[in-house]
Amino acid sequence: MADREDIFLRAKHRAFGGLSEDAECQWAGPFCFIQAADPQLGLMKAWRDGDCDSEGAEWAEEVALTQRAVEAVNQLQPRPRFMVLCGDLVHAMPGGQLRGGQERDLKAALSGTHPSIPLVFVSGNHDLGNTPTPRTVEDYCKVWGDDYFSFWVGGVLCLVLNSQLFHDASACPQLKEAQETWLEDQLSRASLAMEPKPKHILVFQHIPPYLKSPDEEDDYFNLQKAVRQNLLDRFKKAGVKAVFCGHYHRNAGGCHDGLDVVVSSAIGCQLGEDTHGVRVVVVTADEVVHRYHSLERLGAAGVDPDLCKLLKS
């Protein structure tokens, strides 16, 4: 797969399709991208066995599902501007004996992605550990790229965040502070009508702020209330349009006060009634419209006709 390593390097350095950031700051009309989450190689069998604390000794199913996702996305016309994977790339935690094999096989499954579709990686709790350390963050960055960063695409500003630093940064407080300083700068510039002014601002992270309502109780699958409210207030003040997340292995989310929190189910293990799939997101001048598509449906029929119509508007 050496000839496909460029797709990971492109994502790491945030260059899209060989275009400069200056070019990508300009609105050029509607486009689409793909949001995926939780391929989590190794979880499916571990879940069936009732042993999710294991590393996940088998992952052929997740590899096949990831390959199906790549094949379905590759055939879309027009092609998506990028595909983002919102965390939990593999199941084995940092330091696990099986982690290297899972990472290698996921990269191989993703290597068939068309060269015109950059991949963007978001860190999850299985990628960094539930309580990340400087070492686990460093190891992740060596394999997948930066744990937080921004990029422009088609006039839209995108912010990729490390949500583990919101969840529990007790072992790496300096890393949390660094992300907070960076994020405040990004959001402040947006609030002050930065130039060029983004058509929309989108956020990508693993853990959702909430699953259904901003005032819901704390849960394994959401951020704590105080952290959640602080983030939501800052996002709204800066004019963030949507926050795309994974982690829940089910579809969820909601729109409150103009901010859309989008929780997408998994490419891999399903914990609810949804099917293996990805989310198609269409960005127009006025709105960001999204819909979850099963892999089977996307591969057989492509993007829903009403979304395709938006791309031509």
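1. Let me start with Gln40, which counts as buried because its relative accessibility is 3% (buried means under 20% relative accessible area, exposed over 50% and partly exposed in between, with a 1.4 Å probe and protein chains only). Gln40 sits in the loop between β1 (31-36) and α3 (helices, H or I with at least four residues, and strands, E with at least two, are DSSP runs numbered from the N terminus). Although Gln40 is not a glycine, its phi is positive, about 40°.

2. A word on the basis of this note: the model is predicted, so local features need pLDDT of at least 70 and side-chain atom pairs count only at pLDDT 80 or more, while totals for chains, interfaces and linings use all residues. Residues are numbered from 1 along each chain as its sequence is written, and side-chain values use heavy atoms, with hydrogens and water left out.

3. Two other backbone spots deserve a look. Asp257 also has a positive phi, about 55°, without being a glycine; Asp257 lies in the loop between β8 (252-256) and β9 (259-263) and counts as exposed, at 68% relative accessibility. Then there is the cis peptide bond joining Gln77 and Pro78, with omega about -5°; Pro78 belongs to the loop between α4 and β2 (83-86). For context, most residues other than glycine have a negative phi, and most peptide bonds are trans.

4. The largest pocket holds about 300 Å³ of space. Here a pocket is an open set of points on a 1 Å grid over the protein atoms alone, where a 1.4 Å probe fits, with protein on both sides within 12 Å along at least five of seven lines; lining residues have an atom within 4 Å of a point. The lining has 20 residues, of which Gln40, Cys52, His91, His126 and Tyr220 are the closest to the pocket centre. Both α3 (43-48) and α6 (125-128) supply at least two lining residues each. By class, eight of the lining residues are nonpolar, nine polar and three charged.

5. The largest nonpolar core has 40 residues, and Leu85, Phe121, Val278 and Leu298 touch the most other members (a nonpolar core is a set of buried Ala, Val, Leu, Ile, Met, Phe, Trp, Tyr and Cys residues joined through side-chain atoms within 4.5 Å). Helix α4 (residues 60-74) gives the most to this core, with six residues. Apart from this core lies another, of 28 residues, including Trp152, Trp182, Phe221 and Val261.

6. The aromatic residues are worth a visit too, with twelve aromatic pairs in the structure (rings of Phe, Tyr and Trp, the last by its six-membered ring, pair if their centres lie within 6.5 Å; planes under 30 degrees apart are stacked, over 60 edge-to-face and the rest tilted). Phe121 and Trp144 form a tilted pair, because their ring centres are 4.8 Å apart and their planes at 55°. Phe121 lies in strand β3 (residues 119-122) and Trp144 in helix α7 (residues 134-144), so this pair ties together parts that are 23 residues apart in sequence. Phe121 is buried at 3% relative accessible area, and Trp144 is buried at 4%.

7. Finally, Phe204 and Phe244 are stacked, because their ring centres lie 5.5 Å apart and their planes at 20°. Phe204 is in strand β6 (residues 200-204) and Phe244 in strand β7 (residues 242-245), so the pair ties together parts 40 residues apart in sequence.

Methods. Grid points are joined across faces, edges and corners, and a volume is the space filled by probe spheres set on the points. Ala, Val, Leu, Ile, Met, Phe, Trp, Tyr, Cys and Pro count as nonpolar, Asp, Glu, Lys and Arg as charged, and the others, Gly among them, as polar.
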